[in-house]
Amino acid sequence: MAAKINSNFGNVSESYLFAEVARLVAEFQKANPDRKVIRMGIGDVTRPLAKTVVKAMQDAAAEQGKTETFHGYGPEQGYDFLKDSIRKYYADYGVTLDPDEIFISDGAKSDCGNILNIFAEDNLVLVPDPVYPVYVDTNTMDGRRVIFAEANEANGFLPMPEDIKTDEVPDIIYLCSPNNPTGAVYDHSQLKVWVDYANAHGSVILFDAAYECFVTGDMPHSIFEIEGAKTCAIEICSFSKTAGFTGTRCGYTVVPLDLVRDGRSLNKMWLRRQCTKFNGTAYIVQRGAAAVFTPEGEKEVKENIDYYRGNAKIMTDTMDKLGIFYTGGKNSPYVWFKCPNGMESWEFFRVLLNELGIVGTPGAGFGPAGKNFFRLTAFSTREATEEAMKKFCEYFR
Ligand code: MLT
């Protein structure tokens, strides 16, 4: 008998969205070695790490080189010094977290996939359409059934329970706010509706807060700002967009102690899973992440976020000038817009790449409702953003 493979992999597309975009760009560059390409596709940052973060990691590396200060295996769920900083950050939004509710990891993407280990395969999963493709792919790989709630102009790209177009009640509900890719943000009252819905039905909300640092004004940064969320939600967050850790890798997941299903604590299950399959995030990286919350770190990180906000403004000004419908760009590093001239998103991807040398992400890659939409990221350099928008303006005017 030969080993049996996971046949669910037959139900996901051959390659991951951003890997496919990278492949097409590499192909283009091979065929056109002299053409310059401006990358506004994957949400990868371009600003270097904050000085305070680098210094903290250098100091931590030096500690690792001395017997007296060397750290071997750390706690699987993360060091207290980082958890304490995160707790203080949440306290600013009126959220009290127990240290045992915070689990430090190597990033939100890993946690997004791994958290599914604690859920049975026969759960029904609700995913907004469009949304970050990892939610659908990871559940499909496990064999879970996924249904969609469309995010569209009519609901402000923020699907609510009434947008579930079936009588079935989802067991797992993904919410991403600020949303990737649309940039739409749920307000407190909208999140309260989802929290009440989940508590009433025993569903669990997986809340992706990876872009919370872009939230402005009085909008929620965390689902735990909502009363009742601790009995129905898990929150996944990241230092990638907040502090430029895309290549450094650090994130965290909050699993409340009060979250119980089927008589079992999901917090204890996740702890058991992490202790078994994960040996913790590198000490040096956790020291760098903790530096993000120091006064100097906060200031430097905010400068970088403001820089990306400036890029987003250049992009939205361009869309305004051209009369192109868009969302995002305000509480989010992404601008989500309608492809000009009624084009479909993969067709528009090719036009943008071939004619202007600009890489973006086709809306269809985020779900069927994204078919005529396109996403550009504000994480490029200022110069590249200005150049891209100038070309865009000249071509589509
Ligand atoms: C994106 O471009 O959607 C994100 O950068 C992908 C990710 O965070 O994994």
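This note goes through the predicted model point by point, from its sheet to its annotated sites.

1. Basis of the model. The structure is predicted, with local features requiring pLDDT of at least 70 and side-chain atom pairs counted only at pLDDT 80 or more, while totals for chains, interfaces and linings use all residues. Residues are numbered from 1 along each chain as its sequence is written, and side-chain values rest on heavy atoms, with hydrogens and water left out.

2. The sheet. Seven strands make up an open sheet of mixed pairing, in the order S2-S8-S7-S6-S5-S3-S4; here strands (E, at least two residues) and helices (H or I, at least four) are DSSP runs numbered from the N terminus, and two strands pair if DSSP finds at least two bridges between them. Because strand S2 (102-105) and strand S4 (145-150) stand at the edges with a single partner strand each, one side of each has no neighbour in the sheet. On average, neighbouring strands of this sheet are turned by 20 degrees against each other, direction ignored.

3. S2 and strand S8 (residues 251-254) run antiparallel and are joined by four bridges, with isoleucine 102 standing opposite valine 254 in S8. Helix H3 (residues 80-91) packs on the sheet, where it touches S2, strand S7 (233-238) and S8, and its direction makes about 120 degrees with that of S2. Contact means heavy atoms within 4.5 Å, and axes are lines fitted to C-alpha atoms, for helices over the stretch in contact, with angles from 0 to 180 degrees between N-to-C directions.

4. Over residues 36-391 the chain is 37% helix and 17% strand, with the end C-alpha atoms 12 Å apart.

5. The annotated binding site. The unreviewed UniProt entry gives "binding site" for residues including Ala108, Tyr132, Asn180, Tyr211 and Ser238. The annotated residues span 207 residues in sequence and their farthest two C-alpha atoms are 34.3 Å apart, so they do not all gather at one spot.

6. Two of these residues. Alanine 108, in helix H4 (residues 108-114), is buried with a relative accessible area of 10%, where buried means under 20%, exposed over 50% and partly exposed in between (1.4 Å probe, protein chains only). Leaving aside neighbours within four places in sequence, alanine 108 contacts Ile236, Cys237 and Ser238. Asparagine 180 lies in the loop between strand S5 (172-176) and helix H6 (188-201), and counts as buried at 2% relative accessibility. With neighbours within four places in sequence left aside, the contacts of asparagine 180 include Tyr132, Tyr211 and Arg375.

Conventions
UniProt positions are given in the numbering used here, feature names are shortened, and annotations may be inferred rather than shown by experiment.
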